[in-house]
Amino acid sequence: ASLVIQEDVELLNKELRLLEGAVQQAEKAAEADFQAAEKLAAREAGEISSWASSVVQWSQDVWHGLFANHAPGVGGIIEDSFMGLLSAVSLYSLYQMAFLKRKSDSFSGLAHTATGAMQIGIVLYAIVEERCLRESPGVLWAVATWV
């Protein structure tokens, strides 16, 4: 009987060592996963930070260009009046679209209104590029006007 008990204890010890090994492997795998997640989060934070700094730089360039790129004389007044009026009408249209009462709550009606609002955003982007930065909006803008 003691021989059987001794074999059982040996088997239990062997299984216990196998379980301890499995736990150690699981801990190593979890640690590796956490390290990979930390690296991914750090990389994503860096990309978001880079994007945010480029948006801030673009905004500063726009603000500086608003005054630095003012055309002299009557031509500047006419240009600023036209661009200001175009911007005001665009913003008014965007405001009207935001509170538009649609007859139908269908997806197609929502898509129609949303894409119209996006087009107004594209128009405002082009105005800023042309007036403040004295650049043409580029290919991405040209393609987006047809979307």
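Which handedness does the crossing of α2 and α3 have? The crossing of these two helices is left-handed, a term used when the near helix is turned anticlockwise from the far one by less than a right angle, with clockwise giving a right-handed crossing. Helices here are DSSP runs of H or I with at least four residues, numbered from the N terminus.

The model is predicted, so local features need a pLDDT of at least 70 and side-chain atom pairs count only at pLDDT 80 or more, while totals for chains, interfaces and linings use all residues. Residues are numbered from 1 along each chain as its sequence is written, and side-chain values use heavy atoms, with hydrogens and water left out. The pLDDT is the predictor's confidence in each residue, from 0 to 100. The protein chain averages 85, and 99% of the residues score at least 70. Confidence is highest in α2, at a mean of 89, and lowest in helix α4 (residues 139-144), at 78.

Helix α2 (residues 73-98) packs against α3 at an angle of about 160 degrees, with the axes 10 Å apart; axes are lines fitted to C-alpha atoms over the stretch in contact, and angles run from 0 to 180 degrees between N-to-C directions. That angle makes α2 roughly antiparallel to α3, since angles over 145 degrees count as roughly antiparallel, under 35 as roughly parallel, 65 to 115 as roughly perpendicular and the rest as oblique. The contact (heavy atoms within 4.5 Å) involves residues including M83, L86 and S87 of α2 and A117, I120 and L124 of α3. Its residues divide into 10 nonpolar, 5 polar and 4 charged; Ala, Val, Leu, Ile, Met, Phe, Trp, Tyr, Cys and Pro count as nonpolar, Asp, Glu, Lys and Arg as charged, and the others, Gly among them, as polar.

Helix α3 (residues 107-132) also packs with helix α1 (residues 2-68), at about 55 degrees and with axes 9 Å apart. The two are therefore oblique to each other, and α1 passes α3 in a left-handed crossing. On α1 the contact is made by W58, V62, G65 and L66, and on α3 by Y125, V128, E129, R131 and C132.

Two single residues complete the picture. D61 is found in α1 and, at 34% relative accessibility, counts as partly exposed, the class between buried (under 20%) and exposed (over 50%), with a 1.4 Å probe and protein chains only. R134 is found in the loop between α3 and α4. Most residues other than glycine have a negative phi. R134, although not a glycine, has a positive phi of about 55 degrees.
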